[in-house]
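Please read them with the structure open.

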Amino acid sequence: MGNDGGSIPDRRDLVRTKPKAEQADKNNQIIAQWFFCALSKRPLQEPIVSCGLGKLYNKDALLEHLLGKVVYGDAEQICGHIESIKDVKTLKFTRNPAKPIADPDPTRPNASFICPLTLKEMSGTHPFVYLASCGCVFSSAGLRALASPSASSDQPEQRLCPNCAKKYDKAAGDIRTINPAPEEQERMRAEMDARRAVASVKTKKKRKADTASTSAEAAESDAKKARSAANAPSANAPSSVVAVARSVTKSLEAEEKKRKEHMSAAVASLYKPKGQAARKETFTTMGTFTRYA
Ligand SMILES: [Zn+2]
């Protein structure tokens, strides 16, 4: 190089400048995100799951983590938002026919999967999304082209998955970007938190309904017993027996009424506003709280 009359090296040829290093970093990051499990850092292998933030994981690694079998050092940072396997969706990919299934070199950026609509390779170059309802994976552009407003004018937000025809709701955040940019990831995190808040309210409501229905069932069965007690002897029995049966029925009814009153007061106390409920706390319950997630 230089002094041979052919070329004169300048600073650009001799010093590794920052932009190039940054570029290399970015490439490594893309490969890490799109070809390796975010948790175990092993090459991605089906079944692959994704969370509300669009990160890709090997399902077995995530299960090992959730069961506490394997401790990954940065798990809290990577997937602290995943509390159970219900928080992730198993993805349905379309295999890239240009790549053999058993690739000897998984580090080579040769995409295993493609978009079934546009046939673009999923290699980190094009944005990809998955549907939270069914887990099918498409390129963002392909899905957008199909889901243009003219395609279904009656229900613009409720559409069918082009791969498996399952319904998905764009308004409910069913379209999730895979490996989103940091700003979009923040938006997805906010959406995920909102969905969780809604789900926890629903769980509370369901529990309330369950409590109500059990007490109603119990009351009904008690009433049935009372009725059969009253009816059985009246068929062909002396009047004194009938009178006894009646008094038993009455006492049962009184008991039932008392029990109901007690029950409703207990249930009502559960749903009192915080300020009014003078709940007695012992040292075992003080400072603890219940999570509905
Ligand atoms: Zn689908």
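1. Ile-85 sits in the loop that runs between helix 4 (75–79) and strand 3 (89–90). This is a predicted model, and the points below should be read as such.

2. The class covers values between the 20% limit for buried and the 50% limit for exposed.

3. Ile-85 also belongs to a nonpolar patch on the surface, which it forms with Leu-63 and Leu-67. Together these three residues have about 260 Å² of accessible area.

4. The second largest pocket has a volume of about 600 Å³. Its lining is made up of 23 residues, and those closest to the centre of the pocket are Gln-29, Gln-33, Asn-179, Pro-180 and Gln-185. Two or more lining residues come from each of helix 2 (18–35) and helix 6 (182–234).

5. Which element gives the largest share of the lining of the second largest pocket? That is helix 2, with 6 residues. By class, the lining of this pocket has 13 nonpolar residues, 6 polar ones and 4 charged ones.

6. Ala-141 is placed in helix 5, which covers residues 140–146. Ala-141 counts as partly exposed because its relative accessibility is 35%. Along the chain, Ala-141 and His-126 are 15 residues apart, and their C-alpha atoms are separated by 8.4 Å.

Notes. Residues numbered from 1 in each chain as written. Predicted model: local features only at pLDDT ≥ 70, side-chain atom pairs only at ≥ 80, totals over all residues. Heavy atoms only, no water. Patch = residues over 30% accessible without salt bridge, like charges linked within 9 Å, V, L, I, M, F, W, Y side chains within 5 Å. Areas by Shrake-Rupley, 256 points an atom, 1.4 Å probe, with all protein chains shown as cover. Salt bridge = Lys/Arg side-chain N within 4 Å of Asp/Glu carboxyl O. Helix = DSSP H or I, 4+ residues; strand = E, 2+ residues; numbered from the N terminus. 1 Å grid on protein atoms, 1.4 Å probe; cavity = no way out; pocket = protein on both sides within 12 Å on 5 of 7 lines; lining within 4 Å. Points joined across faces, edges and corners; volume = space filled by probe spheres on them. Nonpolar A, V, L, I, M, F, W, Y, C, P; charged D, E, K, R; others polar. Buried < 20%, exposed > 50% of the residue type's maximum accessible area, 1.4 Å probe, protein only.
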